[in-house]
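I opened my notebook to look up a few things in this structure, one entry at a time. Come along and check each one with me.

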There are 2 protein chains.
Amino acid sequence: MPDFEVEVRVMPRESLLDPQGQTVEHALHALGFGEVRGVRIGRAIKFSLSCGSAEEAERSVRAMCERLLANPVTEDFHIAVRKAS
Amino acid sequence: MPDFEVEVRVMPRESLLDPQGQTVEHALHALGFGEVRGVRIGRAIKFSLSCGSAEEAERSVRAMCERLLANPVTEDFHIAVRKAS
């Protein structure tokens, strides 16, 4: 079966506060990067997946996000799948 | 000044162990996703930046990574900058 490289980005939902992001924003301002706004911090998850097709891989990763990788109440996720070279 | 949307991905360096990634990999296997390998977990950071040009924005974000966002000993970072629509 072909190998796929998967990248998942899990971010706090836009409508929710992100205290970690706010803390980093304040720290960036204190370091002189005053032009930064709206910092949001989430998780970047990368892995390899052996799967029959890209569609099947994406379906499988979506199930992983819903069951383990993301909190469906507070987080949104974005999936990128590409065939390993 | 134009606004840029910035995405930074900070990942544990390839040569280092990633215990969080290993834990998630075991959990995925236990949930029936046995075809997953090499899970690595890092941070996804998004923000807006007012800046004169994309080149200047990227230079500024690189400085933020080196000074605050990433640990230069244990982490690699990847920067994506695009003009806000």
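**Entry 1: two helices**

I began with helix H2 (residues 54-69) of chain A and helix H1 (residues 19-30) of chain B, which pack at an angle of about 110° with their axes 11 Å apart. H2(A) is therefore roughly perpendicular to H1(B). On the H2(A) side I found Met64(A), Leu68(A) and Leu69(A) making the contact, and on the H1(B) side Val24(B), Ala27(B) and Leu28(B).

I noted the terms here. Helices (H or I, at least four residues) and strands (E, at least two) are DSSP runs, numbered from the N terminus. Axes are lines fitted to C-alpha atoms, for helices over the stretch in contact, and angles run from 0 to 180 degrees between N-to-C directions. Angles under 35 degrees count as roughly parallel, over 145 as roughly antiparallel, 65 to 115 as roughly perpendicular and the rest as oblique. Contact means heavy atoms within 4.5 Å.

**Entry 2: ground rules**

This is a predicted model, in which local features need pLDDT of at least 70 and side-chain atom pairs count only at pLDDT 80 or more, while totals for chains, interfaces and linings use all residues. Residues are numbered from 1 along each chain as its sequence is written, chains are lettered from A and ligands numbered from 1 in the order in which they are written, and side-chain values use heavy atoms, with hydrogens and water left out.

**Entry 3: a serine in helix H2 of chain A**

I stayed in helix H2 of chain A to look up Ser60(A). Is Ser60(A) buried or exposed? Ser60(A) is buried, with a relative accessible area of 12% (buried means under 20%, exposed over 50%, partly exposed in between, with a 1.4 Å probe and protein chains only). Leaving aside neighbours within four places in sequence, Ser60(A) is in contact with Phe33(B) and Glu35(B).

Next I looked up Ser53(A), in the loop between strand S2 (36-50) and H2 of chain A. Ser53(A) is partly exposed, at a relative accessible area of 23%. A polar atom of the Ser53(A) side chain lies 3.1 Å from the backbone nitrogen of Glu56(A). I wrote down the rule for a polar contact: a pair of N or O atoms within 3.5 Å; within protein, one must be able to donate a hydrogen and the other to accept it, and residues adjacent in sequence count only if both atoms are side-chain atoms.

Then I turned to Ser53(B), in the loop between S2 and helix H2 (54-69) of chain B. Ser53(B) is partly exposed, with a relative accessible area of 25%. Its side chain reaches the backbone nitrogen of Glu56(B) at 3.1 Å.

I also checked some distances, C-alpha to C-alpha. Ser53(A) and Ala80(A) are 27 residues apart in sequence and 14 Å apart in space. Ser53(B) and Ser15(B) are 38 residues apart in sequence and 35 Å apart in space.

**Entry 4: salt bridges**

How many salt bridges are there over all chains? A search of the whole structure finds eight, where a salt bridge is a side-chain nitrogen of Lys or Arg within 4 Å of a carboxyl oxygen of Asp or Glu.

I looked up Arg9(B) and Glu7(A), whose closest N and O atoms are 2.9 Å apart in a salt bridge. Arg9(B) lies in strand S1 (residues 3-12) of chain B and Glu7(A) in strand S1 (residues 3-12) of chain A, so the pair joins two chains. Arg9(B) is partly exposed at 23% relative accessibility, and Glu7(A) is partly exposed at 29%.

Arg43(A) and Glu75(A) also meet in a salt bridge (2.9 Å, N to O). This pair links distant parts of the chain, with Arg43(A) in strand S2 and Glu75(A) in strand S3 of chain A, 32 residues apart. Arg43(A) counts as partly exposed at 25%, whereas Glu75(A) counts as buried at 15%.

**Entry 5: a buried arginine**

My last stop was Arg40(B), in strand S2 (residues 36-50) of chain B. Arg40(B) is buried yet has no salt bridge; Glu14(B), the nearest side chain of opposite charge, is 4.4 Å away (Lys and Arg count as positive, Asp and Glu as negative; His and the chain ends are not counted). The Arg40(B) side chain does reach the backbone oxygen of Arg13(B) at 2.7 Å and that of Pro12(B) at 3.4 Å. Not counting residues up to four places away in sequence, Arg40(B) touches residues of both chains, including Ala44(A), Ile45(A), Lys46(A), Leu16(B) and Leu17(B).
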